[in-house]
Amino acid sequence: MDTTVLIPAWNAEAYIERALGSIHEDVAVLLIDDFSSDRTVERAQSVGLKKLRILRPSRKECLGLVRQTALDAVETPYAVWLDADDAFLPGRIGRMIAPLRAGFAEFVSDSPELVDGASGRFIRDLPIPDFISEDRDKVRLFERNWLPGIAHVAFRTEIGRQIGYDTKLHGGDDSDFVWRAIAAGAKFEFIHQKGYRMYAYAGSDSRNVEKQRAMVARALKKHRYGDVKNLYLRNGFSEQVTLWGLCSMALFRGEMDEASKFLKLLEPNARKTLEVLEPAGPYPVLEAWRFS
């Protein structure tokens, strides 16, 4: 046993048994109960997992603190996240941990499917885009979050602890963790096979778009444009692709003046070329059309 499944939970009595029941491998399970007022803990214990530990954060504050509490308590070399209202698909843990064991990667992400929480009806697959496939592509996440399951990564515990979670973030904490891992040079593996079932609920905090945008902007502002530019260039991306990436980053940070500066740098080449910079990329269109 070398892996721990980490589950942050708050008032999850309606679905915690489903989450725990989707774990079939021989792993440790660490449930961080964020001071639930319902029977989350009792329902979790009723599943009968022998290697289940239940902890609480030092105080009721935010999801970043819950995640850091879990990270501090891991006793295995590898860990993987599971939200209390979601579930693993068969074989996921083995697929996610294999690149970590082999030393190919320090962080691993895969593709989820989206299911309606109320009815259990399949909604759609949420694939990782094809242009996010190699380790070098991780820098593209600074443009926007291209990973539909960014909160559910697997990672080497040692590296995860070096990165740590921002204990003041409630929303955007998962993206912040991954962005800082990328900036620190961690190696990534992307698995395009589905491994995670994500349930959508009307009252989910992740649907508070205004709040999520504010938290994401705060997390992105930890990274200087010059540092991100260097990451793009070191990973072999052209100056033009890099500037488009920085422009998108500025928009998500809410810094319109900075976005305009990047557009001005792009303008001389973008307006006059009929080239498609990335035929298999996020915007496979003519540069002149894209700029207009």
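Q: What share of the 292 residues of the chain counts as buried?
A: In this predicted model, 53% of them do. A residue gets that label when its relative accessible area is under 20%.

Q: Why does the chain's radius of gyration agree with a compact globule?
A: For 292 residues, the globule rule gives a value near 19 Å, and the chain has 20 Å, so the two agree. If you'd like to picture the space taken up, the C-alpha atoms fill a box of roughly 65 × 40 × 40 Å along the principal axes.

Q: How many helices and strands does the chain have?
A: Eleven helices and nine strands. One of the helices is α6, covering residues 173-183, and R180 sits in it.

Q: What makes I163 and R180 a polar contact?
A: A polar atom in the side chain of R180 lies 2.7 Å from the backbone oxygen of I163. The cut-off for such a pair is 3.5 Å, so this pair falls within it.

Q: Which residues does R180 touch, leaving aside its neighbours within four places in sequence?
A: They are I163, G164, Y165, D166, K222 and H223. To be on that list, a residue needs heavy atoms within 4.5 Å of R180's. Take K222: it is 42 residues from R180 along the chain, with 8.6 Å between their C-alpha atoms.

Q: How do you know which side chains count as positive or negative?
A: Lys and Arg are the positive ones, Asp and Glu the negative ones. On that basis the chain has 41 positive and 42 negative side chains, and the centres of the two sets are 2 Å apart.

Methods: Residues numbered from 1 in each chain as written. Predicted model: local features only at pLDDT ≥ 70, side-chain atom pairs only at ≥ 80, totals over all residues. Heavy atoms only, no water. Helix = DSSP H or I, 4+ residues; strand = E, 2+ residues; numbered from the N terminus. Rg over C-alpha atoms; globule rule 2.2 N^0.38 Å. Buried < 20%, exposed > 50% of the residue type's maximum accessible area, 1.4 Å probe, protein only. Charge placed at Lys NZ, Arg CZ, Asp CG, Glu CD. Polar contact = N/O pair within 3.5 Å; in protein donor to acceptor, adjacent residues only side chain to side chain.
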